[in-house]
Amino acid sequence: MSTEVKNIDYSAMPDEKGHFGIFGGRFVSETLMHALDELQEIYSRVKDDPEFLAEFDKDLAHYVGRPSPLYLAEHLSEKLGGAQVYLKREDLNHTGAHKINNTIGQALLAKHTGKTRVIAETGAGQHGVATATVAARLGLECVVYMGAEDVQRQALNVYRMKLLGATVVPVTSGSKTLKDAMNEAMRDWVTNVDDTFYIIGTVAGPHPYPQLVRDFQCVIGREARAQCLAQAGRLPDALVACVGGGSNAIGLFHPFLNDQSVKMYGVEAGGYGVETGKHAAPLNDGVPGILHGNRTYLMEDENGQIIETHSVSAGLDYPGVGPEHSWLKDTGRVDYVAINDDEAMASFRSLTKIEGIMPALESSHAVAYAEKLAPTMGKDEIIVVNLSGRGDKDILTVAKIDGIEV
Amino acid sequence: MNRISQCLQACKQEGRKALVTYIVHGDPGLEHTLPSMHRLVEEGADIIELGIPFSDPMAEGPVIQRGHERALANGASLTNAMELVSQFRQNNKHTPVVLMGYANPIERMGYSKLASSAAKAGVDGLLTVDLPPEEAEALNVELKQQGLENIFLIAPTTTEARMADITALAGGFVYYVSLKGVTGAGHLDVTSVQQKVEQIRKYTGLPVLVGFGIKDKDTAKAIGAVSDGVVVGSLLVKAMGEGESHDLKSICDHLASLIKPIRKGLDEL
């Protein structure tokens with residue numbers, strides 16, 4: 001149920017305890033509370049510190065390759081016959097996705113804390129690779145937890161992480177996917193809290209993670225806003241981004257939240273269809289609950305047990321979502337929609353053929369929704385789609401669906 | 001007075017160290033839990049901590065994780081845990097029962113319904129691992145109304161400032177987590193436990209019980225000597241779920257064989 005609330009200053013959230021309305025907060029065992037207090041203290045000290053920000057910006061420019069282009073997809077726009085579709089090319093970042101923006105930022109924080117070991121959870125492996133990358137560069141020990149199922153499905157990324165010097169630990173508990181990897185990373189952190197920094201990959205987890213990951217990802221939206229003004233002479237009319245945990249979406253949306261004219265669409269993984277129950281779309285078909293340190297919309301059964309999700313895209317295959325998205329849903333500021341596996345697959349293929357850009361299966365969900373939205377809009381209107389990652393990592397998945405052995 | 005306070009006060013008067021035993025509701029089968037609870041009491045358990053299984057038990061080591069998985073596969077839930085406690089109360093009016101679990105199942109049931117059903121069933125307290133004092137206010141109000149205690153954890157990493165905040169809200173007893181790690185871990189440091197327990201006592205008159213890493217008579221005795229009692233969990237869950245037989249009698253006998261020496265060790269103090 002959405003109730004439109006006007007005159008909210010969206011940039012002022014979360015409150016000091018990490019709440020976005022009823023969402024967010026800090027639901028962890030006592031052992032971690034001090035580490036989170038410490039992290040919050042360090043983050044509040046450096047987040048407006050010109051020296052820290054300059055270091056972050058320098059790494060984004062020279063190591064990640066920012067700014068990423070805002071590309072007018074003329075062929076796609078022409079085919080759709082409506083709004084002009086621009087792609088924010090996060091796929092062109094070093095390591096191939098938006099994930100690196102956040103790991104650069106958190107690695108700088110880790111440096112400030114003096115901790116020598118970093119850990120991460122990963123689903124598709126993109127965040128694991130991005131973490132292993134910054135750890136290699138800074139000489140930090142790196143352990144990545146990955147569901148045993150995902151280790152099988154994403155063998156290429158597992159090998160990339162190993163080449164980068166990380167230890168990849170397959171997680172065999174629970175459903176053996178991303179949520180279990182996150183449980184295991186939390187267990188590691190509880191055990192090694194003195195020397196370990198946990199680099200969470202999305203805008204979820206206990207406060208201050210949803211806030212700091214968002215802040216590091218906001219470079220996407222800040223750039224897109226300036227680029228759109230420079231290239232088109234005006235703000236976009238709509239933003240579209242896929243939502244698993246929701247870090248690429250919040251990164252694009254946040255700098256536009258106070259621009260009331262800009263509509264926003266978060267695209268969840270509809271899997272086999274929201275009506276089948278086999279999906280990963282908690283904002284479309286979930287209830288508020290508590291998991292992984294925060295209160296947010298979740299997919300769960302009538303006893304509050306988290307249920308298994310399904311998406312063709314491993315990066316969206318998660319039963320929760322960042323708490324700020326839950327709040328943006330309930331305030332009505334962002335529309336959360338779902339795209340099914342087959343729709344995302346079709347857009348993966350069409351963008352590859354029409355524009356010569358191969359999107360990640362996650363980002364293909366956003367492209368697919370833009371393909372539905374554009375024809376309903378005028379030719380003078382603008383959609384910005386976050387192309388959050390490149391599709392090279394998904395080639396084996398796509399080939400398998402095609403019945404081809406590569 | 002709440003059963004937990006009565007029990008721990010009696011322990012104190014008798015110079016007896018409290019023994020809290022943790023098992024998972026529904027593990028290895030729904031039918032095992034009730035007889036095991038009675039047997040644990042017979043063998044000298046002072047308080048029963050009943051684990052409510054959760055799909056994502058973040059603070060548990062592998063042994064208790066597997067216990068939760070088995071229990072969920074058997075259909076264990078918060079709702080049928082309450083029914084079980086009601087049955088337990090038909091034959092036992094004095095042993096305190098604490099439900100230990102994670103926030104989401106109680107969030108799903110709703111705090112008000114949870115508190116009233118728990119009180120009606122004969123539950124005495126709640127320990128919710130991922131509900132620190134900062135997030136526990138709404139639940140506290142409901143529990144208080146029903147005369148239930150909210151039990152909080154204090155960890156090796158807890159600062160003195162936090163100790164003051166936690167003990168201000170805590171009821172029943174303080175559960176000191178003996179080590180940085182998950183349940184069932186093996187790196188117990190008695191000296192540091194002793195220092196921390198003394199620190200906690202500066203802030204509260206509540207009994208301080210210590211759990212995580214207590215696995216035999218020696219560790220129980222060492223920790224019992226510096227606290228008001230111990231919590232034993234992984235040891236029992238392993239015996240129940242991963243022993244040679246799931247036969248009810250052998251499970252109960254196995255539990256008894258583990259608890260007897262621990263009780264004896266504590267009574268030697």
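**Close-up views of a predicted two-chain model**

View 1. Arg263(B) counts as buried, at 7% relative accessibility. In this predicted model, Arg263(B) forms a salt bridge with Asp267(B), with the closest N and O atoms 2.9 Å apart. The two residues are 4 residues apart in helix α12 of chain B, so about one helical turn separates them. Asp267(B) is partly exposed, its relative accessible area being 45%.

**View 2. The salt bridge between Glu268(B) and Lys221(B).** The closest N and O atoms of this pair are 2.7 Å apart. Glu268(B) is in the segment after α12 (248–267) of chain B and Lys221(B) is in helix α10 (residues 217–224), so the bridge ties together parts that are 47 residues apart in sequence. Glu268(B) counts as partly exposed at 38% relative accessibility, and Lys221(B) counts as partly exposed at 28%. Elsewhere in chain B, a network of salt bridges links Arg39(B), Glu43(B), Lys249(B), Asp253(B) and Lys260(B). Over all chains, the whole structure has 49 salt bridges.

**View 3. The interface of chain B and chain A.** Here 38 residues of chain B are in contact with 38 residues of chain A. The two chains bury about 3000 Å² between them, and 50% of this is on carbon and sulfur atoms. Of the area that chain B buries against chain A, 23% is supplied by Met58(B), Arg108(B) and Glu135(B), more than by any other three residues. The interface has 5 salt bridges and 20 residue pairs in polar contact. On the side of chain B that touches chain A, α5(B) gives the most, with 5 residues.

View 4. Arg108(B) is partly exposed, with a relative accessible area of 33%, whereas Glu300(A) is buried at 11%.

**View 5. Thr331(A) in helix α13 (residues 323–331) of chain A.** Thr331(A) counts as buried, at 5% relative accessibility. Its side chain reaches the backbone oxygen of Leu328(A) at 3.1 Å and the backbone nitrogen of Arg333(A) at 3.4 Å.

**View 6. A nonpolar surface patch on chain A.** Leu156(A), Ile395(A), Leu396(A), Ile404(A) and Val406(A) make up this patch of about 480 Å². Ile404(A) lies in the segment after α16 (395–401) and is exposed, with a relative accessible area of 51%.

Note on methods:
Residues are numbered from 1 along each chain as its sequence is written. Chains are lettered from A and ligands numbered from 1 in the order in which they are written. This is a predicted model: local features need pLDDT of at least 70, side-chain atom pairs count only at pLDDT 80 or more; totals for chains, interfaces and linings use all residues. Side-chain values use heavy atoms; hydrogens and water are left out. Patches are made of residues with over 30% relative accessible area and no salt bridge: like charges are joined within 9 Å, nonpolar side chains (Val, Leu, Ile, Met, Phe, Trp, Tyr) within 5 Å. Accessible areas come from the Shrake-Rupley method with a 1.4 Å probe; for residues, only the protein chains shown count as cover. A salt bridge is a side-chain nitrogen of Lys or Arg within 4 Å of a carboxyl oxygen of Asp or Glu. Buried means under 20% relative accessible area, exposed over 50%, partly exposed in between (1.4 Å probe, protein chains only). Contact means heavy atoms within 4.5 Å. Buried area is the accessible area (1.4 Å probe) that two parts lose on being put together, summed over both. A polar contact is a pair of N or O atoms within 3.5 Å; within protein, one must be able to donate a hydrogen and the other to accept it, and residues adjacent in sequence count only if both atoms are side-chain atoms.
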